[in-house]
Amino acid sequence: MSSHHDSPGADRPSSPAPAVPKQFMAGTHRTISPEETVARVRPFLPILGITRIADVTGLDNIGVPVVMVIRPNSRSISVSPGKGLTLDAARASGVMESIEHWHAERILQPLKLGSVNEMRFGHCLLDVGGLPRLSVQRFHDNLCLHWVLGENLVGSAPTWVPFEVVHTNYSLPLIAASGAFVMSSNGLASGNHPLEALSHAICELVERDAATLWHLSGKEMKRRTRLDLSTVDDLGCREVLGRIERADVLAGVWDLTSDIGIPTYCCTLVDREPNPARPIAPMIGFGCHPARGIALLRAITEAAQCRLTVITGARDDVRARGNGPEEDLCAAQRFVSEHGAEPAERAFSDAPDHAGVTLDDDVAWEVDRLRAAGLHEIVAVDLTRPELRIPVVRVVIPGLEPLYDIPGYIPGTRAQRRLAERTS
């Protein structure tokens with residue numbers, strides 16, 4: 001990323017590049033408005049294989065704007081949902097997600113082939129010991145891997161990363177030596193500016209780690225993190241919560257903020273009176289951002305997005321345990337029974353809040369939070385294509401946990417520590 005901007009945490013040169021101000025602050029922090037974002041990338045949609053942007057908001061009764069962006073020849077997922085306070089924001093969200101997947105499916109950077117033992121003496125390698133592991137294949141230092149070059153934001157050191165945790169080309173057969181690490185889109189992000197993409201990627205990684213640590217926590221700790229929605233003073237969040245209440249939908253929100261200290265929330269939405277003729281399982285959304293209002297809004301709108309993803313049938317894998325309507329109805333009824341009248345102790349003001357004036361402020365603060373938590377490798381692989389000039393980045397941070405529901409995922413050090421705390 002150094003070709004675009006100085007890396008946060010590195011020694012600053014005598015004449016640093018000018019800071020990147022935030023120009024749009026309604027429900028998200030961007031350099032330009034969602035309308036401008038979509039207008040900027042629209043000429044490239046045919047090249048990227050995007051054939052349709054479908055407004056599906058009206059298929060649910062909540063009214064949170066949601067779209068489905070269709071890319072039929074995708075090598076990962078062919079439907080990318082998008083959400084936001086406005087339809088334009090939802091379009092920008094879905095289109096940019098589809099675009100970042102396209103980039104990660106078609107990486108043109110040079111690769112190197114070799115094991116850790118073959119590469120480590122002549123190359124600076126990412127600490128593969130801290131990457132999320134899978135039970136599919138046992139990793140060892142003589143296992144031959146493909147590697148791609150990134151940059152560690154701490155110190156600006158060129159660092160080689162296993163290609164398996166960077167690309168999203170899941171077409172079969174998979175590239176040789178796949179299966180040692182978790183393959184997902186976690187930490188993949190795009191933006192109007194490289195720092196915009198970088199901040200979003202870092203927050204996504206922190207969010208998934210916090211969600212897994214919270215999931216592995218004891219029942220009493222979870223209960224104490226339930227957010228009292230009457231304490232929420234962010235106007236965007238209040239507006240969306242009002243829509244949810246008027247739709248007779250229960251919103252349960254928990255503060256997942258971890259030891260890293262970047263605000264993170266989980267929101268679960270379920271009909272207060274689940275309808276047997278239209279059963280929708282409890283749908284979960286997560287959100288993370290330096291500004292707690294944006295983090296909470298992301299969690300709430302993502303939960304609304306997940307409801308519509310199920311309603312449209314775009315992703316059958318997000319149903320409760322992959323089961324059918326009967327199981328969804330039972331899950332909804334159980335959630336209402338267990339959490340409908342559960343007390344909420346956490347105040348919105350209890351969470352950290354760092355709404356930086358510039359994107360530089362946000363990224364520098366995020367990096368500082370990670371370093372304070374003992375995470376000193378924050379490696380960014382720049383996937384931006386020069387002919388498109390849409391900033392896309394994949395960030396890899398060894399030590400952070402992936403989302404807990406990945407089949408075959410082996411809990412890492414942070415997850416094992418949380419499990420030990422639960423049983424002690």
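Which residues lie nearest the centre of the largest cavity? Of the 15 residues that line the largest cavity, Pro132, Val165, Asn186, Leu205 and Val396 lie nearest its centre.

This is a predicted model, in which local features need pLDDT of at least 70 and side-chain atom pairs count only at pLDDT 80 or more, while totals for chains, interfaces and linings use all residues. Residues are numbered from 1 along each chain as its sequence is written, and side-chain values use heavy atoms, with hydrogens and water left out.

A cavity is a set of points on a 1 Å grid over the protein atoms alone where a 1.4 Å probe fits but cannot get out, whereas a pocket is an open set with protein on both sides within 12 Å along at least five of seven lines; lining residues have an atom within 4 Å of a point. Grid points are joined across faces, edges and corners, and a volume is the space filled by probe spheres set on the points. By this rule there are four cavities of 30 Å³ or more.

| Space | Volume | Element giving the most to the lining |
|---|---|---|
| Largest cavity | about 190 Å³ | Strand 13 (residues 392-396), three residues |
| Second largest pocket | about 280 Å³ | Helix 11 (residues 413-423), three residues |

Helices (H or I, at least four residues) and strands (E, at least two) are DSSP runs numbered from the N terminus. The lining of the largest cavity comprises 11 nonpolar, two polar and two charged residues, where Ala, Val, Leu, Ile, Met, Phe, Trp, Tyr, Cys and Pro count as nonpolar, Asp, Glu, Lys and Arg as charged, and the others, Gly among them, as polar. The second largest pocket is lined by 17 residues, with Gly130, Gly399, Gly412, Thr413 and Arg414 nearest its centre, and by class this lining has seven nonpolar, six polar and four charged residues.

**Helix 11 and helix 5**

Helix 11 also packs against helix 5 (residues 194-215) at an angle of about 25°, with the axes 9 Å apart; axes are lines fitted to C-alpha atoms, for helices over the stretch in contact, and angles run from 0 to 180 degrees between N-to-C directions. The two helices are therefore roughly parallel to each other, since angles under 35 degrees count as roughly parallel, over 145 as roughly antiparallel, 65 to 115 as roughly perpendicular and the rest as oblique. In their contact (heavy atoms within 4.5 Å), Asp209, Leu213, Trp214 and His215 of helix 5 meet Arg414, Ala415, Arg418 and Arg422 of helix 11. The residues of this contact divide into three nonpolar, one polar and four charged.
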